[in-house]
Structures are given as C-alpha cells and as structure tokens.
Amino acid sequence: MRDMFDRDKKRFDKYSLQLNDILFDYSKNRINDETVTLLLQLTNEADVPAWIEKMFVGEQINHTEHRAAMHTALRDQGNQPLIVDGANILADIREERERAKQLAENIRTKKWRGATNQAITDVVNIGIGGSCLGPLMATEALKPYALHDLNVHFISNIDENHINDTLEYLNPETTFFIISSKSFTTQETLVNAETARNWHVNELGNQEYIDRHFSAVTSNVKLAKEFGIAEENIFKIWSWVGGRYSLWSSIGLPIIIAIGSEHFDELLAGAYEVDQHFRHTPLEKNIPVLMALLGIWYNNFFEVQSMAVLPYDEHLHRFPDYLQQIDMESNGKYVDRQGYEVDYTTGPVVFGGICVEAQHAFFQLLHQGTKLVPADIPAPIYDFNSIEKHHRVLMSNVFAQTEALMRGKTEEEVYEALKAKGLGEEQIKQLVPYLIFPGNRPTSTLLFNTLNAKTLGAIIALYEHKIFVQGVIWNINSFDQWGVEFGKRLAKNILHELNDAKQIKSHDSSTNGLINHYKRQRPEQKGEK
C-alpha cells in the first residue's frame, strides 16, 4: 500500500466516499482498480441488487423461519405501502411507536407516577441479546442528549450479581421496569424479571402496584399479561423483526426514555437515509456494498479470520460489543441457503475496543503480530463537549495509527533513525529487528462530524447492510440463529438435572463430571435441599 500511495497521489480521492456528514475512506486497503472491478463483478454474480430489493419489499428472505427481514420498515419515512404477509405494516409500526413515545415522554416529564405518586428516577431494561445490546449501545452513545436526573440501567446476565448490584441502590417507588423478550419465554430474561417483580412486591407489599412500574415489549401479549403486566403497558414487536435488528422498534423504548422522542426520530432518519443510499446507489458508489466487499476480500482471499472495530469516541465504547452480535450471529453459519455445507469461510471473528485505550492493549498485535487484522475506525471531527486540547490529541492518534499501520517502518528507516540518535553499529544491529514494522495493515476510516442521533443511526445501518451483503455473497441466511437456540434447549434440560441431588450419567464424561462436581460442592441455598 505504501507503494500504491507513492505512485498515485489521488488514491484518497479515488477510494473515499461521502454520505451526508460521514466520510468513508477505504484507500488504506490492499486494493487497486482491478480488485474493485472483480469484487463488484462478484456482487452481480451473487445477484446482490435483486436480494437488496427482496429485503426491502418484504419477501421471506429468512427462509428457514419463513419470515421477511423488515427492520428497514421500522425507520421508513415514506408513505408507500409496505406489504408483509398480505398486510400493510406501516400504520401498525407508527401506532406502536407513538404509544412508546407517549410512555417515554410521560416518564421524562414526570407525568407518569409510580404507585406511591412519586416520579420515576430509574428505568431498568431487562432483556438479553438484541433486547439489550442495541438499546444499551445507543443510550451510551447518545448519553450527552439524555436527561441527567433519569437513569437507565440494563440487566441481561442471569448471574445474580448483575440484578443484585443494579437493584441494591434503587428505590422501588421510583423504579420502572421494561421486560423485553420477543417470545416472553427467554429463560434468562424471565428469571431476572421474576426477581425484579419479587423485589418490587416485597419492598412495597402490594402485587397490584406493578401496573405503575412494569411494562413489556413482546410478540406474546398473553404471557406478558399472565406475568402481571397491564395490557396498556405491553408494546408489540413483530415476527419479521430479528432481535439484533430491533432497536428501531419498541425494543428501543429505553432509548426513547433516555434521549427523548425528537432524538429517537433523528436516529430513525439517519438509518433511513442510509437505507435509501443502499437501495438506490450504484454498487461502485454504495458504501455498505464496498464495506462488505472489503470484508469478503480479506476473509476469502487472504484467509483472514478476524476484524477489529476501533472507535475513537468514548461514547461508542459499547459499539464493538453490538457489532459482535449483529455480525457473528448473522453470518456465523457453515450451511448455505440450499442446506449444503460450505467449503469456504464465512463470518469473521469481530472484536474491538475503545481507543486510545486499545492502543495500549492489543495494538501491538495489529502492528507487529503474525496475524493480519483489518480494522474499521469510526471517529468524530468534534465532540458534543469538545475540549480542543483533548480532541486534537485524540484525532492525532486516529491519523497516526492508520498511517503507521499502512506504511510501517522499513529496516533502512529504522537504521537511519537509530544512527541519528547516536547509537553505535553494534547497538543498532541488535535493535533493528525489533523496530521494523511490516506495515501493509489495512484500515477503513469512518470520519463523521459529531456523534449525534442521526449520525449514529446512519452508522448502525451501514453495518447492518454490509453484513447482509456479505451473507448474500456467501449464500447463507443472515437472519436466523439456530446455534443460539440449540444452546438454550440444552440449558433447559440440564437445569432439571441441577434441581435434584441425583448423580448424572446422561452426558459425556466431561459434562457428567462437571455437573456432578458442581452438585457436590454447591452450598445449600434457598429453594434447594
């Protein structure tokens, strides 16, 4: 890449695109015109344009579950009918959104009162996976726009420390719970929800008080009502919305409560503008398509197994976690759409961390390790509360790291630098191997003005569509997650075995040994004999 930049002084102009306030620079990748041409040819061979249209018009592209994948409808700003399973879904979407907004605004303005007539000070979202990661990431990202006298918490882990640590400092009279579960059968969520309900009833002494303190987002209204949640506090989610793509729906209720309806509308608008770009822009100028092709290039032609997401914005500290789910749960598949095992690699291992902190953690491997790790680097030109000295130091690291990863440092450059320091030949000879940087390490930079709701919506949508395009090219279904379901079923079976003292012999020797050791060693607890 160093040579490519030296030969072509306009390489940045050729390999960068802008969409509204987002500049996508992909020039620091191991590509040339021929690479791009061939990769674009691959999109046509995979019929990517047709698949894009299938998704937007509501075809059942999630074929194993016989469902559409219509998360784009949740942020649609137009007035054209959207037909799914024979029904126009736009009116239903907007009605539910307005209901969620009304509840959120009532809580934000303190019109909503708890059972003892006190205003709500803390909102607790209980959910897992897509019912947690998306809303958590977005509320953290948009924290500068939140009310500072209204706290939003997230409980996902079944480990009792998570809910105990959260509830310890909360007042049940001023706490409002959102139970987010599409099926209302998710074990982790329901156990946490029952603990929250018991805590609330035990503290206030009245089961009927939960009407003012609990709501649900689910497609299973019946089970939510049986749990004790008033029907007017139950918000709908549809079968055609995948959990990891659901923050745009009422699953985003904690986001609306945190940042308000106006900012939530901007979040939707940012995503919608990317939807339009993705649907209507020629492939060679289409940012999500090009992001996808870069991933295909490294994954399938360089046999790269991972990618790093490295945000240079503290408020995006949950973004790598979020992308892990939407990418690895979507494209972590080894069977194609026809049911045959693939003979090529599919989704990468996604990891990352907030920078500049990550520079002092795992960047050593990125610079001098034996593994090639392409990296995406989102960074803001200015911050909500920019302090000039802080932000310029931050951005100097963005530009320095991408340049250093691309250019590296040759043996000759290391030698001259050490010689200039006055080191002797023997010292230089000993040090040179350790100070060489191979370079040629690819990065793509997403530079945006500032991290507001509209820009965040756009960035999320870019990655959603990138992942979808990669799934199309790999000929896999990006919208099911049978691996997740398999583990859940096994856990339910084992739970029954943990509830008695019998020695277990029904599994392999390792699993039997672990379960039996656990049962022998665990202390007696409430509900156990």
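These are my notebook entries on what I looked up in this structure.

**Ground rules**

I'm working with a predicted model, so I keep to its limits: local features need pLDDT of at least 70, side-chain atom pairs count only at pLDDT 80 or more, and totals for chains, interfaces and linings use all residues. Residues are numbered from 1 along each chain as its sequence is written, and side-chain values use heavy atoms, with hydrogens and water left out.

**Entry: salt bridges**

I began with the charged pairs. How many salt bridges does the structure hold? There are 23, where a salt bridge is a side-chain nitrogen of Lys or Arg within 4 Å of a carboxyl oxygen of Asp or Glu.

I looked up Arg2 and Glu413, whose side chains form one of these bridges at 2.9 Å, N to O. Arg2 sits in helix α1 (residues 2-7) and Glu413 in helix α16 (residues 411-420), so this pair ties together parts that are 411 residues apart in sequence. For the element names, helices (H or I, at least four residues) and strands (E, at least two) are DSSP runs, numbered from the N terminus.

Are these two buried or exposed, or something in between? I use the cut-offs here: buried means under 20% relative accessible area, exposed over 50%, and partly exposed in between, with a 1.4 Å probe and protein chains only. Arg2 is buried at 16%, while Glu413 is partly exposed at 31%.

Next I checked Asp275 and Arg75, which meet in a salt bridge of 2.8 Å, N to O. This pair links distant parts of the chain, with Asp275 in helix α11 (residues 261-280) and Arg75 in the loop between α4 (48-57) and β3 (83-84), 200 residues apart. Asp275 counts as buried because its relative accessibility is 1%. Arg75 is buried too, at 0%.

I also noted a network: salt bridges that share partners join Asp8, Lys14 and Asp33. Within it, the side chains of Asp8 and Lys14 meet at 3.2 Å, N to O. Asp8 is partly exposed at 23% relative accessibility, and Lys14 is partly exposed at 39%.

**Entry: helices α13 and α18**

How do α13 and α18 cross? The axes of helix α13 (residues 319-331) and helix α18 (residues 453-474) come within 10 Å and cross at roughly 25°. That makes α13 roughly parallel to α18. The axes are lines fitted to C-alpha atoms, for helices over the stretch in contact, and angles run from 0 to 180 degrees between N-to-C directions. Angles under 35 degrees count as roughly parallel, over 145 as roughly antiparallel, 65 to 115 as roughly perpendicular and the rest as oblique.

The crossing is right-handed, meaning that the near helix is turned clockwise from the far one by less than a right angle.

I picked out Ala458 in helix α18. Ala458 is buried, with 9% relative accessibility.

Then I went to Arg337, in the loop between α13 and β11. Arg337 counts as buried at 16% relative accessibility. Arg337 and Val472 are 135 residues apart in sequence, and their C-alpha atoms are 9.4 Å apart in space.

Which residues does a cis peptide bond join? I found Cys355 and Val356, with omega about 20°. Val356 is in the loop between β11 (349-352) and α14 (363-368).

Asn440 has a phi of about 60° and sits in the loop between α17 and β13 (443-448). Asn440 is partly exposed at 25% relative accessibility.

Asn475 has a positive phi near 60°. Asn475 lies in the loop between α18 and α19 (482-498), and is partly exposed at 23%.

**Entry: a surface patch**

Which residues make the nonpolar patch? Leu431, Tyr434 and Leu435 do, giving about 300 Å². Patches are made of residues with over 30% relative accessible area and no salt bridge: like charges are joined within 9 Å, nonpolar side chains (Val, Leu, Ile, Met, Phe, Trp, Tyr) within 5 Å. Accessible areas come from the Shrake-Rupley method with a 1.4 Å probe, and for residues only the protein chains shown count as cover.

Tyr434 is in helix α17 (residues 425-435). Tyr434 counts as exposed, at 61% relative accessibility.
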